[in-house]
Every structure is written in C-alpha cells, then in structure tokens.
Amino acid sequence: MKFILNILWLVLCGFWMALGYVLAGVICCILIITIPFGIASFRIAGYALWPFGRTTVERHDAGAGSVIGNIVWIIFAGWWLALGHVITGIALCVTIIGIPFGIANFKMIPISLVPLGREIVPTDQPFATR
C-alpha cells in the first residue's frame, strides 16, 4: 500500500516539492557557509519525493547550533518551502482523492520550517516512535 501511495504522491505533488528542496539545496551549497542547510535540504527532498513509510523524529543530540540554524533557515528558505506545502495541500484538498495527500502536505510543514535537529527514519523501525 505504501508503494501505491508513494507513486500517487510522486505524480500529484512529490516531484515538484522535491524540486523546490533541491533548488534550495543547490543555492545553499553555492554559498559555502550554508552547506549544512544544503545537505538538510537534499535530505528532505528525498523525503518529499517518497514520504509514505517514513517519518521524522527529533534528534536528542542536537544542540543550540541547530536552533540557531533553524532560525536562519526559516528566514531564508523555510517559509518559502512551507508556503509551497500550504498551497499544494489546499489544491489537493479540493478533490476527494487528494485529501489524504493534502493532509500529508500539511504534515510536512514543520520539517520544512525547522529541518535541523530532525532525522528521517522508516516507520517500521522501533525508534521511529520516539
């Protein structure tokens, strides 16, 4: 079932959302100081491309650096990506078939705003419920 949901997600919105994250990652990697943001953006691009069967958990070893980094991320890239999720989620919720995908888009807004200090894990692993 996860495979079918991921294929439908990829066709309806996953490809475009992943392109947004890749674009943000490329821009961040061009600027040398923001390479950690680029790496986080590429990681989230993979999650935005194929999200069903995976979830995000908080990393307990993340410290003050991730908080400061998340503030910088929100200012420069996070709110654009979150806006993309909101617009796509609303557009998908217009149809009955798209409602679950719209809700999934809304669930991805927190990680698009604050990606540092989070880890993407498969849902069938025991530590995925932390």
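Leu 49 is in contact with Trp 9, Leu 10, Gly 14, Phe 15 and Ala 18, leaving aside its neighbours within four places in sequence. This residue belongs to helix α2 of a predicted model.

**Leu 49**
- Leu 49 is partly exposed: its relative accessible area is 31%, which lies between the 20% limit for buried and the 50% limit for exposed.
- Ile 33 stands 16 residues from Leu 49 along the chain, and the C-alpha atoms of the two are separated by 26 Å.

**Helix α2**
- Helix α2 covers residues 35-49.
- The buried residues of α2 are Phe 37, Gly 38, Ala 40, Ser 41, Ile 44, Ala 45, Tyr 47 and Ala 48.

**Asn 70**
- Asn 70 is part of helix α3.
- With a relative accessible area of 10%, Asn 70 is buried, because the limit for that class is under 20%.
- Not counting residues up to four places away in sequence, Asn 70 touches Leu 113, Val 114, Pro 115 and Leu 116.

**Overall fold**
- The chain has five helices and two strands.
- Read from the N terminus, the order of these elements is α-α-β-α-α-α-β.
- The radius of gyration is 15 Å, close to the 14 Å that the globule rule gives for 130 residues, so the chain is as compact as a globular protein of that length.
- Along the principal axes, the C-alpha atoms fill a box of roughly 40 × 35 × 20 Å.
- Among contacts with a separation of 6 or more, 72% join residues 24 or more positions apart.

**Burial, surface and charge**
- Buried residues make up 38% of the 130 residues of the chain.
- The chain exposes about 7600 Å², and 78% of that area is supplied by carbon and sulfur atoms.
- There are 7 positive and 4 negative side chains in the chain.
- The centres of these two sets of charges lie 6 Å apart.

Technical notes: Residues numbered from 1 in each chain as written. Predicted model: local features only at pLDDT ≥ 70, side-chain atom pairs only at ≥ 80, totals over all residues. Heavy atoms only, no water. Helix = DSSP H or I, 4+ residues; strand = E, 2+ residues; numbered from the N terminus. Rg over C-alpha atoms; globule rule 2.2 N^0.38 Å. Buried < 20%, exposed > 50% of the residue type's maximum accessible area, 1.4 Å probe, protein only. Contact = heavy atoms within 4.5 Å. Areas by Shrake-Rupley, 256 points an atom, 1.4 Å probe, with all protein chains shown as cover. Lys, Arg positive; Asp, Glu negative; His and termini not counted. Charge placed at Lys NZ, Arg CZ, Asp CG, Glu CD. Expected span 1.5 Å × (residues − 1).
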